[in-house]
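Morning, everyone. Please look at the structure on the screen while I talk.

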Amino acid sequence: MNFGKIITAMVTPLDTNRDIDFPATEKLIEHLIANGSDGLVVAGTTGESPTLTAAEKLALFKFTAEKVNGRIPVIAGTGSNDTRTSIALTKQAEEAGVDGIMLVTPYYNKPAQEGLFQHFKAIAEATRLPVMLYNIPGRSAVNMAPETIIRLSAVANIVSVKEASGNLDAASMIIEETPADFTVYSGDDGLTLPLMAIGADGIISVASHIIGNEMQEMVANFTAGNIKQAAAQHRKLLPIMNALFAAPNPVPVKTALQLMGIQTGQVRLPMIPLNEVETATLRQLLEAGNIKVSV
């Protein structure tokens, strides 16, 4: 399945009670589709998945699939550190009408590589949907070795990986030794162009909430062979990308959306909002990047 080049890891809008704000979610979906998103990941890290209940995730999957209505792929974050729980949610996500699933490396229990292989294989075999693996050792405390990803690429419906280890050598090995139709996505906005330069397919992005069209232009220039122009755009966009990770994700991107007049609400505990100084710094960086701030 072609997921596209710029896939947005969508934030989960919350109301004043910190419940999911579905009207705001619909507006956000339309904003993202209109501003460069080729696909959406729902209930991933940026969607505050650790604080969402299974029922909330399922409601979000159904709502997003309904509102998108086939215009772009919707990928549901159904991974956890319990294989049976992940299988159950994956089956429900399939019934909800999503186009694919994303499975994070099991966090906290730190399985061995063979345990990772068996975990992902078992979930993939329980669904007909295409599966994207998600390797993020900085949050999960376990790194999925390139050799494990390569083994998993032989499972028929494991078709992609979001590689957020920041290790370009590992990404190179994955790209080189997986099937030609197995896609590799950067999990770090600032590595979009460097990873595409070694053969990656695109980015699962946070920054595309804010600069999706600009990122599409950068990727289009790179794909067309305009390497110097793409590199110049990368350097120009990098300060905004970095600013969105100056505090734990998704706190800065939710704040940036609010500053742009796009209502997404605050974050759930244990995440906390930016303080006044951090917000002022973020505002300055957005304005320096010619992002229209309306609040």
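A pocket, on a 1 Å grid over the protein atoms alone, is an open set of points where a 1.4 Å probe fits, with protein on both sides within 12 Å along at least five of seven lines. Lining residues have an atom within 4 Å of a point. Grid points are joined across faces, edges and corners, and a volume is the space filled by probe spheres set on the points.

Two notes on sources. This is a predicted model, where local features need pLDDT of at least 70, side-chain atom pairs count only at pLDDT 80 or more, and totals for chains, interfaces and linings use all residues. Numbering runs from 1 along each chain as its sequence is written, and side-chain values use heavy atoms, with hydrogens and water left out.

The second largest pocket has a volume of about 260 Å³. Its lining has 19 residues, with Ile136, Gly187, Asp188, Phe245 and Asn249 nearest the centre. Helix H5, strand S8 (202-205) and helix H10 each give two or more residues to that lining. Helices here are DSSP runs of H or I, at least four residues, and strands are runs of E, at least two.

Now the largest pocket. Its volume is about 530 Å³. It is lined by 30 residues, and Ser49, Pro50, Lys57, Val104 and Tyr107 lie nearest its centre. Helices H2 (54-68), H3 (83-96) and H5 (137-140) and strand S4 (100-104) each give two or more.

Next, helix H12, residues 276-288. Expected span is 1.5 Å times one less than the number of residues. For 13 residues that gives 18 Å, and the end C-alpha atoms are 18 Å apart, so the two agree. At its start, a side-chain oxygen of Asn275 comes within 3.1 Å of the backbone nitrogen of Val277. Just after H12, Asn290 has a positive phi of about 60°.

Beyond four places in sequence, Gln233 is in contact (heavy atoms within 4.5 Å) with Glu217, Met218 and Asn221.

Asp19 sits in the loop between strand S1 (6-9) and helix H1 (22-34). Asp19 is partly exposed, at 38%. Outside four places in sequence, Asp19 touches Pro13, Leu14 and Arg268.

Notes:
A polar contact is a pair of N or O atoms within 3.5 Å; within protein, one must be able to donate a hydrogen and the other to accept it, and residues adjacent in sequence count only if both atoms are side-chain atoms. Buried means under 20% relative accessible area, exposed over 50%, partly exposed in between (1.4 Å probe, protein chains only).
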